[in-house]
Each structure stands twice: as structure tokens, then as C-alpha cells.
Amino acid sequence: MPKQCLFCDSSVDSVEHIWSKWILQELKPTQAIRVQIRRRVDKYVDNPEAVVKCVCQGCNGGWMSALEVDNIPHMREMLHDRSILLNPVQQKSLARWAVLKAMVIEAVNRQRTLFYDDSERLGLKPPSPFLPVGTMVWIGRYSRKGFHAGGTDIWGDIDGTPKAMHGAVTSIVVGHLVIQVLTAHVIPKFGGNPVRPKCKPGAWDASLLNIWPIFGSVRWPPPLSFTHGGSDSLGILLNRWKIGTDVGATIPE
Ligand SMILES: [Zn+2]
């Protein structure tokens, strides 16, 4: 039985690369390093040529392609380690791109229950796209040129209620650009309150820039970069939400 497209009622009718041709072309000449992350990351794609069957040609060649094209100019700068000022419109577009990748990456393994639901997926589509409630997106700089995409699930207690929050963390490295997406779902009892999960301590304010929610223009790269190893390594970023079974979600004032 044909599978249904993640984003519409059409059947999946093509095999697509997770990564667009332009990214592969930009990365290939320099032999991008595959970032090997330990198995704690539940879903990951370190193969630039990875394909996934989860969308239809109409979506892939239509709004998804338009979103990709929209992000090429500023992504290309960061991928190649050139400083850039991102305005709020660019930040929203990049955050939307990253959330779309998060949804596609989690669909790589169809044995899993998908974290994002239909309304969140449909919300990404034009004409009035919106990002899932409870989503945060950060960008940073990797000192090398890397390639990685992976996702993992996290759970957190709220006010003593176990597993009141379920989150999905997706980390993406393309060239020198690092992107991390966190979407937090909370049980109805706490619905309507923005939840801010706690992560492991780190110099995150100096190594990451918030691009969603938007707080104004940001200049990439941030002051600190992620390295291949050591205390500022990329692995620490990828696992910063892994603090046992309880991420200690809190409801901000
Ligand atoms: Zn579709």
C-alpha cells in the first residue's frame, strides 16, 4: 500500500534526497567530514546521499523547494564560514527550514511513532506558515566543516508531574553551520504555558544564537565555536538535553 505524503493527502511517489542538491554540491568539493555521534542519538543521518520516501513530488517540487531556494543565499554564507547579519525574515525562513528537516528526519524510521503531528506539519505549508508551538531554534558555528543530522526524544517533569513534557531535539550540521531545533509538547494540564526545558550547563549564550523565537537581527557566527573534541565539542551540544530521564522543564514566569 502506498504511503501517504507527510504534508498532504497524496501518495509518496518519489525517492528524495534528504539534502538538496545545492547543499551536496556546496559540500562535496571539500570532502565534508561526517560527524560521528554516539548511539544515544536515536535517529541520525550522516550520509549526505541519504534518501527518504516520505513526501510527494508536488510538495517536494513545490513549497518545499521554494523554502529551500529562499534559504540558499544566507545558508551558503554560513556553510562556508562567512559572517552574516540575519534579519528576522531570514531567521523565520531558516527556522522553518530546520523544522521541516526535523520532520523529515524523524520519518526516516517509519517504525517509530512520529513526534510532530499533522497540524504541526500542515502548519509549515504556505500561504501562512507557522512553526509548532513550543519550538526553539538556535544556530552556531562548527570550527570544521561537518555534516550531520540527528534527532532524539527527551522527557521532563513539570511541577512534580512525571513526563509532563515530551520534546524532540534535532541537530543539524552543514558545513560550518550548526542548527538545533527543540519542540516541546506538554500534557493538557500545563497546556497554554510556554515551557522552557533546562539543559546541561554550558556557555550556550556565547556559542548559540536564538533565531526562533525571534529577538531581532543576529550576527553569525556567535563569539564561541564548537570544536571537534574537548570541552566545547559538538558532541556536548548534541547531547546537551540528555540529563537523565528528567530534563526538569520549567514554566517561565
Ligand atoms: Zn505532498
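**Exercise 1. Determine which residues V169 touches, leaving out residues up to four places away in sequence, and whether V169 is buried or exposed.**

Solution. Step 1: Contact here is a C-beta to C-beta criterion, with the two atoms, placed from the backbone, within 7 Å. By that criterion V169 touches G151, T152, I154, Q180, L182 and W241, not counting residues up to four places away in sequence.

Step 1: The model is predicted; local features need pLDDT of at least 70, side-chain atom pairs count only at pLDDT 80 or more, and totals for chains, interfaces and linings use all residues. Residues are numbered from 1 along each chain as its sequence is written.

Step 2: A residue is buried if 20 or more other C-beta atoms lie within 10 Å of its own, exposed if 12 or fewer, and partly exposed in between, with C-beta atoms placed from the backbone. V169 has 27 other C-beta atoms within 10 Å, so V169 is buried.

Step 3: V169 is found in strand β7, residues 161-186; strands (E, at least two residues) and helices (H or I, at least four) are DSSP runs numbered from the N terminus. A102 lies 67 residues from V169 in sequence, yet their C-alpha atoms are 8.3 Å apart.

**Exercise 2. Find which strands pair with β6, and over how many bridges.**

Solution. Step 1: Two strands pair if DSSP finds at least two bridges between them. β6 and β7 are antiparallel partners over 19 bridges, and β6 and β8 are antiparallel partners over 3 bridges.

Step 1: Individual positions can be checked in the structure. W155 stands opposite H166 in β7, and W138 has N210 of β8 as its bridge partner.

Step 2: The hairpin of β6 and β7 has 2 residues between the strands, and D159 there takes a positive phi near 50 degrees.

Step 3: Of the 24 residues of β6, 18 are buried, so the strand is mostly covered.

**Exercise 3. State which residues of the largest nonpolar core touch the most other members, and which element gives the largest share.**

Solution. Step 1: A nonpolar core is a set of buried Ala, Val, Leu, Ile, Met, Phe, Trp, Tyr and Cys residues joined through C-beta atoms within 7 Å. The largest one has 63 residues, and A98, V99, V137, I139 and I211 touch the most other members.

Step 1: Two or more residues come from each of α1 (21-27), α3 (63-79), α4 (88-106), β6 (135-158), β7, β8 (209-212) and α7 (234-238). The largest share, 14 residues, comes from β7.

Step 2: Beyond residues up to four places away in sequence, A98 touches V137, I172, I179 and V181.

**Exercise 4. Compare the spans of α4 and α3 with what their residue counts predict, and locate the bend in α3.**

Solution. Step 1: The expected span of a helix is 1.5 Å times one less than its number of residues. For α4, 19 residues should span 27 Å, and the end C-alpha atoms are 27 Å apart, which agrees.

Step 1: For α3, 17 residues should span 24 Å; the end C-alpha atoms are 23 Å apart, which also agrees.

Step 2: A bend is the angle between axes fitted to the seven residues ending at a residue and the seven starting there. α3 bends by about 50 degrees at I72, and a proline, P73, follows within four residues.

Step 3: Turn to burial. In α4, 15 of the 19 residues are buried, so α4 is largely enclosed by the rest of the structure. In α3, the residues M64, H74, M75, M78 and L79 are buried. The buried residues of α3 pack against α1, α2 (57-61), β5 (84-86), α4, β7 and β9 (218-220).

Step 4: After α3 comes D81, with a positive phi near 70 degrees.
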